[in-house]
Amino acid sequence: MLIAPSLLSCDFSKFGAEIKRMDAAGADYMHLDVMDGHFVPNLTFGAPVIKYVRPFTDKVFDVHLMISEPLKYIDDFCDAGADLITFHIESDSDPVETIKKIKSRGVKAGVVLKPNTPAKEAFEYLDMIDLVLVMTVEPGFGGQSFMADMLPKIRELKSEIDSRSLNVLIEADGGIGAGNIALCREAGVDVAVAGTAVFKADDPAKAIAQLKSL
Ligand code: DX5
Ligand code: ZN
């Protein structure tokens, strides 16, 4: 299992140092939550901030776009140094065009499903993408409770991916911690996002190691 700490829970007065701290703690991906106050009722940061913190690590920059018009900003996030860009299929941008745009920049692409969006909605994009992200909370805020009723959706995606022999990773995001990561793994999750579970731990390195061991 790969662990992607969500920097949404970090101390933004030292964003670069927090990324270095997660790198040293054994993070696999740096999960960067971009919110526009429109697609979700919260605002975070955009491409200029990501560009400033890019030099602090060589780890994968996993940029999760919770914005209404992702297609408009793909070039900005690619220029800022994203390695993987995920966007919501519930957004206003055309998914195929958005995937093509991301891939044309040599960046990995993924689609995200909100809790109420069925797995089937992602099926038609699976042969074009590198990863599918299943939200296990309503997007917008860290620190919410894991929705165990998303596990069947993860299983459904996993069996579709396997039956078509596709090379698509499954990522899950929201409320993941020691109490549920084994369930995620068993359902087919390859990459687990963890904000609170890593940042509120006394020792993030221990927390990440524990999540991996479970
Ligand atoms: C929520 C974000 C998540 C969130 C995860 O909209 O996409 O990445 O920060 O944080 P925890 O692990 O605290 O739920
Ligand atoms: Zn996220």
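Student: What should I keep in mind at the start?

Tutor: The model is predicted, so local features need pLDDT of at least 70 and side-chain atom pairs count only at pLDDT 80 or more, while totals for chains, interfaces and linings use all residues. Residues are numbered from 1 along each chain as written, chains are lettered from A and ligands numbered from 1 in written order, and side-chain values use heavy atoms, without hydrogens and water.

Student: Which residues are the protein donors of the zinc ion (ligand 2)?

Tutor: Donors are N, O and S atoms within 2.8 Å of the metal (3.2 Å for Na, K and Ca); water is not among the atoms, so sites may look incomplete. Here they are H31 (NE2), D33 (OD), H64 (ND1) and D173 (OD), 2.0 to 2.3 Å from the zinc ion. Their spacing along the chain is H-x1-D-x30-H-x108-D.

Student: Are H31 and H64 buried or exposed?

Tutor: Buried means under 20% relative accessible area, exposed over 50%, partly exposed in between (1.4 Å probe, protein chains only). Both H31 and H64 are buried.

Student: Which atoms of D173, G175 and G143 meet ligand 1?

Tutor: A polar contact is a pair of N or O atoms within 3.5 Å; within protein, one must be able to donate a hydrogen and the other to accept it, and residues adjacent in sequence count only if both atoms are side-chain atoms. Oxygen atoms of ligand 1 lie 2.7 Å from a side-chain N or O atom of D173, 2.8 Å from a polar backbone atom of G175 and 2.9 Å from one of G143.
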